[in-house]
Amino acid sequence: MSGGTDVDPDDVRGDPERFAALIGYVEDELAFATSHYNDSYLDRRVASRMRRTRSDTYLEYLETLRSDPDEREALLGALSINVTGFFRNPEVWDGIRKILRHYSAVGDDEPIRIWSAACADGREPYSLSLLAHADPAIDAERVEILGTDISVPALETARTGIYEEPRTVDLGDQLSFLDDYGPSDQYIQQRDRTYRVDETIRRSVSFERHDLINDAPKSGFELVVCRNLFIYIDNAYKRPMLETIARSLTPGGYLVIGKAETIPPTLKSAFEVRDARLRIYQRGDAQQTRQQPTQTRSAGSEGDTDTAGGATLATNTDSAADSETDTTDDADDANDADNADGDTDSDSEIDAETAVVEPTGGSE
């Protein structure tokens, strides 16, 4: 081992054979599907662990992995997508709120099932539960949330519902999305820099390990939230992952992805755009949904008004750049997920002329 020389991620491309051997070990021996992720992401995560273990070469780091079970676990944790936060990108949560109000307005007793895929340490599924319990227009008793991730340590943290606030992140500020509903301390207990999610909120959420790339689809979800995962995935694997999500949704169910992400044109039959700016989509067979929402055609409609107790998710192709900053082992991953929010959809993967959903239901 050396005295801590930094490893430039560009060096990965300069020594492809040694890097390939290292990645092959992770794929074969640690059962992590590295082949599904793009090279730039793998470059950064491996380089980060090399810095922390003060390894100068890929061969040196490979020997560390073979001899140190703790480092193997640390690398798997580093390779897991863990950029997260409470109510991340608040304007997106305005759109999610409309969806949950829409389903709550339907006069039946069926559960409103939500899947938070690649949920990291659980703050996203807890945000869903917090919103459901705080908003009187959402029927929290019907809301059932499943959070999944491939990282076992992240899921262990999620199940506790206890979060330590880093010096560079203000969890209280993240929870300010709830300010309109009253003090958040009725749902989150804060002591010094420790935040504990109340049992009432945790009761609506369950967690399990699930690999969106390799595991079977789920079923029966009205909403799937899978944000800022696809920007790290090779294009060849995005389609099967999105097909897994499509099969997991009920007819007319909704999908929310990251603001830097888009649905490939080849999947336009599976998903229809509901809000291009917020990256909200609906499974293509919307007319079969139990709510049977009415649909009208609209090009570039700008309204976001709640109607009949539900949501009008208007087409909007404007882009917006966020200044949110997240703290992770590698800040570049947060930049990938957040600073790219101002993309302009130049790849033409979003159809500007889409239906406006006007769900039927009771009044607010």
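Hi everyone. Let me start with what I mean by an aromatic pair: two rings of Phe, Tyr or Trp, taking the six-membered ring for Trp, whose centres lie within 6.5 Å. With that in hand, here is the group I'd like you to look at: Phe86, Tyr126, Tyr163 and Phe207, which form one aromatic cluster. Please keep in mind that we are looking at a predicted model.

The chain has 364 residues, and buried residues make up 54% of them. Its secondary structure comes to 12 helices and 12 strands. If you take contacts between residues at least 6 apart in sequence, 78% of those contacts join residues at least 24 apart.

Back to the rings. A search of the whole structure turns up eight aromatic pairs. One of them is phenylalanine 86 with tyrosine 163, an edge-to-face arrangement with 5.5 Å from centre to centre and 85° between the planes. Are they buried or exposed? Phenylalanine 86 has a relative accessible area of 2%, so it is buried. Tyrosine 163, at 3% relative accessibility, counts as buried too.

Tyrosine 163 has another partner, tyrosine 126, and that pair is edge-to-face as well, with 6.5 Å between centres and 75° between planes. Because tyrosine 126 lies in helix α7 and tyrosine 163 in strand β3, the pair ties together parts that are 37 residues apart in sequence. Tyrosine 126 counts as buried, at 1% relative accessibility.

That brings us to helix α7 and its neighbour. Helix α6, residues 90-104, packs against helix α7, residues 123-134, at an angle of about 55°, and their axes are 11 Å apart. The crossing of α6 and α7 is right-handed. On the α6 side, the contact is made by Trp93, Ile96, Arg97 and Leu100, and on the α7 side by Glu124, Ser127, Leu128 and Leu131. Sorted by class, that contact has five nonpolar residues, one polar and two charged.

Last topic: backbone angles. Most residues other than glycine have a negative phi. Now look at alanine 120, which has a positive phi of about 55° although it is not a glycine. Alanine 120 is found in the loop between β1, residues 112-116, and α7. With 5% relative accessibility, alanine 120 counts as buried.

Aspartate 192 also has a positive phi, near 55°, and is a residue other than glycine. Its place is in the loop between β4, residues 188-191, and β5, residues 194-197. Is aspartate 192 buried or exposed? Aspartate 192 is exposed, because its relative accessible area is 69%, and the cut-off for exposed is over 50%.

How values were computed
Residues are numbered from 1 along each chain as its sequence is written. This is a predicted model: local features need pLDDT of at least 70, side-chain atom pairs count only at pLDDT 80 or more; totals for chains, interfaces and linings use all residues. Side-chain values use heavy atoms; hydrogens and water are left out. Axes are lines fitted to C-alpha atoms, for helices over the stretch in contact, and angles run from 0 to 180 degrees between N-to-C directions. Helices (H or I, at least four residues) and strands (E, at least two) are DSSP runs, numbered from the N terminus. A crossing is left-handed if the near helix is turned anticlockwise from the far one by less than a right angle, and right-handed if clockwise. Contact means heavy atoms within 4.5 Å. Ala, Val, Leu, Ile, Met, Phe, Trp, Tyr, Cys and Pro count as nonpolar, Asp, Glu, Lys and Arg as charged, and the others, Gly among them, as polar. Buried means under 20% relative accessible area, exposed over 50%, partly exposed in between (1.4 Å probe, protein chains only). Rings of Phe, Tyr and Trp (its six-membered ring) pair if their centres lie within 6.5 Å; planes under 30 degrees apart count as stacked, over 60 as edge-to-face and the rest as tilted.
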